[in-house]
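Take a look at the model below. This short tour goes through its ring pairs, its strands and its helices.

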Amino acid sequence: MIQNIIQIATPEPSGQIKKGFAETCYSTAGLPYNMAGRIIGPRGCTVKAIQLLCGCGIELNFIKYNLLLIQIFVEPDYESIVKFKIWKAFQLIYCLLRMDPSGKDMVQAIQSDDFKFYESQVEIITKFFIIQQHYHSDINDVSAVSNNHYSVGERFSVEMLKVLEKQMLTSHMNNLLALPMFHDIFSIPPPAACGRVTNGYAKKIYSLLDFPFNIAGKIIGPRGLTVKVIQTVCGCRIRLRWKEVNALQVEVFVERDFESIVNFKLWRAFECINCLLKSFFSDEDMVNAIQLKDLKFYATRAEMLKVHFPVNLSGADLLNAPLNEKNSFITVEFANIDTAAEHSSSSATCTNWRN
């Protein structure tokens, strides 16, 4: 029923260019399911799919206890296109709410499978990290969950990867900060606020020839987790720039604050980076052990999602690359050294960082 609607071709552009708006009310009395939950779907997947397919925005509001108002919004386009998008959106909603004459509720069947899968994956992720993840389901029972078969797989995969990465960032942070070398850095309290209010900027160049490993990869970490941790705990932004073939320039930016605080944040960020780059024997390199563990777990879960939902997950195919290869961190952009600095020297504390 849904495929027949999707296959209808968009009409030729005609009429004025204008926004689109339409609304209708549905009575929820006597229905064997939760109407709002059926339209929204688990984690909002169904309503997002309709919006994506129809090029519109959808709002649901209860104007009375058993009366649901559905509003459709369309961005400016030719009048014929706008009307078609509104019509298609309402047709898809109608299909979701219609009961099959055979008595089989295929929508509910898809709902149940997807809802159970989502719940099971959140449970697996939570157990692995032993962290309580407060997520919400859009509904409280399976009969109120809805979905469809054309783009929901991708929606679920993206949602699950978001949950996974959020859990991993917290876990990665806890694991790194538990290491003695980081504990020493963060045991030092920030100084009293003094000096003028300014932006902060500092840079340091590292030679790749001085290290037996890929220093960019070590700083960035799997899926960018390590550099995100440093940015979060130090209150800064970090950018890596290849100055030469064997020279990596690390730049740290701090938003406006008192000069003493800015300098402290810059110092702390580079202390963390220097700790990451300390050389150890392979069995003593706890940073590498943590990064490898998190990379392996992410790759395993992402592969499982791809098997269950055979869609293209950006970056997931490269997750099995070893940490010493640059292409395992393609999610981080290395800026061109010739690009102008983001912070003007007239309004920022600029430092060439040296040990």
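How many aromatic pairs does the structure hold? The answer is six, where rings of Phe, Tyr and Trp (its six-membered ring) pair if their centres lie within 6.5 Å.

## Before we start

This is a predicted model, so to speak a computed one: local features need pLDDT of at least 70, side-chain atom pairs count only at pLDDT 80 or more, and totals for chains, interfaces and linings use all residues. Residues are numbered from 1 along each chain as its sequence is written, and side-chain values use heavy atoms, with hydrogens and water left out.

Helices (H or I, at least four residues) and strands (E, at least two) are DSSP runs, numbered from the N terminus.

## A ring pair to look for

One of the aromatic pairs is Tyr 201 with Phe 253, and this one is tilted, at 5.1 Å centre to centre and 40° between the planes. For the wording, planes under 30 degrees apart count as stacked, over 60 as edge-to-face and the rest as tilted.

Tyr 201 sits in strand β4 (residues 197-207) and Phe 253 in strand β6 (residues 247-258), so the pair ties together parts that are 52 residues apart in sequence.

## Strands around β6

β4 also pairs with β6, in the antiparallel sense and over 10 bridges; two strands pair if DSSP finds at least two bridges between them. Within that pairing, Lys 204 has Val 250 in β6 as its bridge partner.

Strand β5 (residues 237-244) runs antiparallel to β6, joined by seven bridges. β5 and β6 make a hairpin with two residues between them. Opposite Gln 249 in β6 you'll find Arg 241, while Glu 244 stands opposite Ala 247 in β6.

## The sheet of β1, β2 and β3

Now for an open sheet of three strands, in the order β1-β3-β2, with antiparallel pairing. β1 (17-27) and β2 (57-64) are at the edges with a single partner strand each, so one side of each has no neighbour in the sheet. Ignoring direction, neighbouring strands of this sheet are turned by 20° against each other on average.

β2 pairs with strand β3 (residues 67-78) over seven bridges, in the antiparallel sense. Lys 64 has Leu 67 in β3 as its bridge partner.

## Helices α3 and α4

Helix α3 (residues 45-54) and helix α4 (residues 79-97) have axes that come within 9 Å and cross at roughly 150°. That makes α3 roughly antiparallel to α4, a label for angles over 145 degrees. Axes here are lines fitted to C-alpha atoms, for helices over the stretch in contact, and angles run from 0 to 180 degrees between N-to-C directions.

Which residues meet? Thr 46, Ile 50, Leu 53 and Cys 54 in α3 meet Lys 85, Lys 88, Ala 89, Leu 92, Ile 93 and Leu 96 in α4, contact meaning heavy atoms within 4.5 Å. The residues of this contact divide into seven nonpolar, one polar and two charged.

## Helices α9 and α10

The axes of helix α9 (residues 225-234) and helix α10 (residues 259-276) come within 9 Å, crossing at roughly 150°. α9 and α10 are therefore roughly antiparallel to each other.

In α9, Thr 226, Ile 230, Val 233 and Cys 234 meet Lys 265, Arg 268, Ala 269, Cys 272, Ile 273 and Leu 276 in α10. Those residues divide into seven nonpolar, one polar and two charged.

Note on methods:
Parallel < 35°, antiparallel > 145°, perpendicular 65-115°, else oblique. Nonpolar A, V, L, I, M, F, W, Y, C, P; charged D, E, K, R; others polar.
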